[in-house]
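I opened the model and kept notes as I went. The entries follow in the order in which I looked things up.

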Amino acid sequence: MRKGTSRVGPDLVGHLHYWFSTTLFLIGLYGMLAGPHLVRKLMAMNVMQVGVITFFIAMSAKSGATAPIAIEHGPPLVAEAYINPLPHAMMLTAIVVSVSTTGVALALLIRIHRRYGTLEESELLDRLKE
Amino acid sequence: MTSHLPILIVVIPLVAAIMTPLVARMNVRAAQVLDTGVCLTVFLCATTALLRVLDTGPWHYELGGWAPPWGIEYVIDPLSAGMAMLVSFVATLVSIYADAQRRQLPEGRSGLFDSLFLLLVAGLLGIVVAGDMFNLYVFLEVASLAAYGLLSTGGTRAVVATFRYLLLGTIAASFYLLGVGYLYAMTGTLNMADLTTHVPTIVGTAPFGVAVTFIVLGLAIKMAVFPLHAWQPDAYAYAPAAVTGFMAAVMSKVSAYALFRILYFVLRAEGAAAQIISVMGWVAIAGAVAGSVMALAQTDVRRMLAYSSVSQMGFILFGFSLLNPDALTGALLHIVNHAVMKGCLFLAVGVIVWRTRAVTVNGFSGMSQRLPWTSAVFTLAALSMIGLPPTAGFFSKWYLLRGAVDASAWAFVATLVFSSLLSAVYFFRLIERMYFFTPSDEGVRRARLFEVPIGMLGPVVTLGAAVLLLGLLSHPIVVTVVRAALPEL
C-alpha cells in the first residue's frame, strides 16, 4: 500500500474500492493456500468471495442516481438517473453460490473431524499416512 | 415442444433431480429407471438438436422471451450440441453402471445419489448450452457443488480429497467470475455474441489482458491442466468408480469446451487472448510430458489413469494453441475420444476393483483369466489411449500431429510421440500383467468370481464398442460435425 499512497491523490481515491476488493481477494487467497487449519481455509474462502462481490457492487455505484424503480413523479426515465441493478442481481446469485459452497464444505469438515478427530492440516496429514 | 428443445436439455434433468429423492422414497428401483430414462431422453433431445443445427445453422433460444443482450440466451450450434450428446451419452451409461455404487450407500440414500448425479448432468449441460458468461458461471458452480457431493460418497479419504477439490474449485470459480466482472465493467454486456462485437474496442487495453488471464486460469484449474492438476489424482482415486468414470470422462472436457468457446468464439483469439493461447501451448507440452512421467511412477491404477488424463489434457490444450484447422479438429476430436476411452478405462477398473478388490498394478496380474470380458475391453481402450489404429485415439492424435507439422511446431511433434511412447510403456506393463502373469494373491478370490452383473459389464462393453466405432467412423464425424463446429478464423 505504501507504493499507492506515494502516488497522486485523486487517482488513488478514485480507485480506492478496487484496492479494497483486490486486497480482500488476495488476503482470502493467501489464507486458503497458507492457512494451517481447515476451518480457517474455509473462512479465507469466504473472504475471497466477498472480495469478488465487493468488486461487482463497487462497479455499479453511481452518485446522484437512485434505485431502478420507475414511479410516477419520480426521476426522469433515463438510464443516467438510475443505478444499474444487474451487478446486484448477479451478486445475489453469487452469494447463494457462496452460501451453498460453505454449507457443503462444513458438512465435509464435520465428517473429517468425526473420523480423524482433528482439522489441523499437519495432524490430518499424519493421520492420513497411518 | 421442439421449439423449446434448448432449454429442455437443461430443465429435464434439473426437474428430475428434485423428483428422484421423492420417487426413491416410494420405490428405489423406479428412481433408478427415472435417472437412466432422463439421461436417455436428454441424449435424444441433443441428437435432434444436432441434426437440426447441422441443417439450419445455430439455434438461439431466448429465455422467457427476453431478447438478448438483456435477456439470457441459450445457443446451440454443432459444437454445443455435440458436447451435449457426449455428456448425455456417458451419463446414460454411468447411470446404469452406478447400480453397484447405489447398493453400497446407506439405506434410503440412493435417491439422493441419483439426485446429485442428475444435478451434475444438468450443470454440465447448462455450461454447454449457455450463451451468457454469467450463466456459464452459475452452471459451473451447480456442476461443481454436485460433484463435491458425489465425490465424497467414497469414504473418509475421499472426503479429505473432496475438501481440497472444493477449495481449489472455488478459487477457480472466483477467478472466472472476476474475469467476467472485468469484461462486464468494460463492455456492459454478459451475452457472448454481444461481447464478441465489443471485443475490437477493448482488445488492446490492460484490463482486457487481466480479464482473459483470470478466465483462463479459472478454467485451467477446473480442467486439471498441469501444473494446476493437484486436486485430481486424490479425488479420482478415492471416489466411487461410477463417479470417477463420469467425471474423468466429461467434467474436465466440459471445462475444456468452455475455454474453447470463450477464447475462440467470444474473444476471437485476438490480442491478449492470442498471447495466452501461445503460452498455453508451452504449458501443454510440459503437462503432456509431466503427466505421462508421473503416470509411470504410480502403483495405484486409478492414480495412473488420473495422471494419464493430465497428460491427455495437455494434448487437447496444445491442439487449441495451434491456430490451424487440423489441430483444432484434432483437439475437438480428442475431447470426444478421450472422454469415451477414459470413461471406459475407469469403469472397467471399477468393475475389477468391485469384483476382486485389486487396485495396484501388481494386483492386476492374471486378470484376463478372472474377468476376461472386462480385461479385453480395458485392453482395447488402453490401445486407443496409446493411439493404435483403428481405435479412436489414433485418429485424434493423427489430426493433432498433422496440425503440428503444418504449424512447424516440432517441439510438440516430439512431445506427442514421446508422451505416446510413455503411455505405451505404462499401459503395456498393465496389459502384460493382465494376460501373461499368474493371478497374484492380492484381492480376495470369492465364489462366482467370473460373474459380473450385466448392469456393470454392459456400459463398459458399450463404451468399448464406442471406442472402436469412433475410430472407424472418424472421417464422417470430422466432415459432418467437427468441421461445422470449428470457429471462423
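**Entry 1: loop residues with positive phi**

I counted 12 C-beta neighbours inside 10 Å for B:Arg357, so B:Arg357 counts as exposed. My cut-offs for burial: buried means 20 or more other C-beta atoms within 10 Å of the residue's own, exposed means 12 or fewer, and partly exposed is in between, with C-beta atoms placed from the backbone. I then read phi of B:Arg357, which is near 65 degrees, a positive value in a residue other than glycine. I placed B:Arg357 in the loop between helix H14 (325-356) and helix H15 (367-370) of chain B. Helices here are DSSP runs of H or I with at least four residues, strands are runs of E with at least two, and both are numbered from the N terminus.

I noted B:Ser408 next. B:Ser408 is not a glycine, yet its phi is positive at about 55 degrees. B:Ser408 sits in the loop between helix H17 (392-406) and helix H18 (410-436) of chain B. Is B:Ser408 buried or exposed? It has 10 C-beta neighbours inside 10 Å and therefore counts as exposed.

**Entry 2: ground rules**

I am working on a predicted model, in which local features need pLDDT of at least 70, side-chain atom pairs count only at pLDDT 80 or more, and totals for chains, interfaces and linings use all residues. Residues are numbered from 1 along each chain as its sequence is written, and chains are lettered from A and ligands numbered from 1 in the order in which they are written.

**Entry 3: cis peptide bonds**

I checked omega in chain B. The peptide bond from B:Pro68 to B:Pro69 is cis, with omega near 10 degrees. I found B:Pro69 in the loop between strand E1 (59-62) and strand E2 (73-76) of chain B. The bond from B:Phe226 to B:Pro227 is also cis. Its omega is near 0 degrees. B:Pro227 lies in the loop between helix H9 (206-223) and helix H10 (232-238) of chain B.

**Entry 4: chain B overall**

I counted 20 helices and two strands in chain B. The radius of gyration of chain B, taken over C-alpha atoms, is 21 Å, close to the 23 Å from the globule rule for 489 residues, so chain B is as compact as a globular protein of that length. That rule is 2.2 Å times the number of residues to the power 0.38. The C-alpha trace of chain B spans about 70 × 60 × 40 Å along its principal axes. Of the 489 residues in chain B, 63% are buried. I also looked at contacts, meaning C-beta atoms, placed from the backbone, within 7 Å. In chain B, 80% of the contacts with a separation of 6 or more join residues 24 or more positions apart.

**Entry 5: a helix pair in chain B**

I took H9(B) and helix H12 (residues 272-296) of chain B. They pack at an angle of about 40 degrees, with their axes 9 Å apart. That makes H9(B) oblique to H12(B). Axes are lines fitted to C-alpha atoms, for helices over the stretch in contact, and angles run from 0 to 180 degrees between N-to-C directions. Under 35 degrees is roughly parallel, over 145 roughly antiparallel, 65 to 115 roughly perpendicular, and the rest oblique. I listed the residues in contact: B:Phe208, B:Gly209, B:Val212, B:Thr213 and B:Val216 of H9(B) meet B:Ala272, B:Ala273 and B:Ile276 of H12(B). By class I get six nonpolar, two polar and no charged residues there. Ala, Val, Leu, Ile, Met, Phe, Trp, Tyr, Cys and Pro count as nonpolar, Asp, Glu, Lys and Arg as charged, and the others, Gly among them, as polar.

**Entry 6: chain A and its contact with chain B**

I found six helices and zero strands in chain A. Buried residues make up 21% of its 130 residues. Which residues does the contact between the chains take? I counted 26 residues from chain A and 21 residues from chain B. H5(A) gives the most to the side of chain A that touches chain B, with 13 residues. That side has 19 nonpolar, four polar and three charged residues.

Methods
Contact = placed C-beta atoms within 7 Å.
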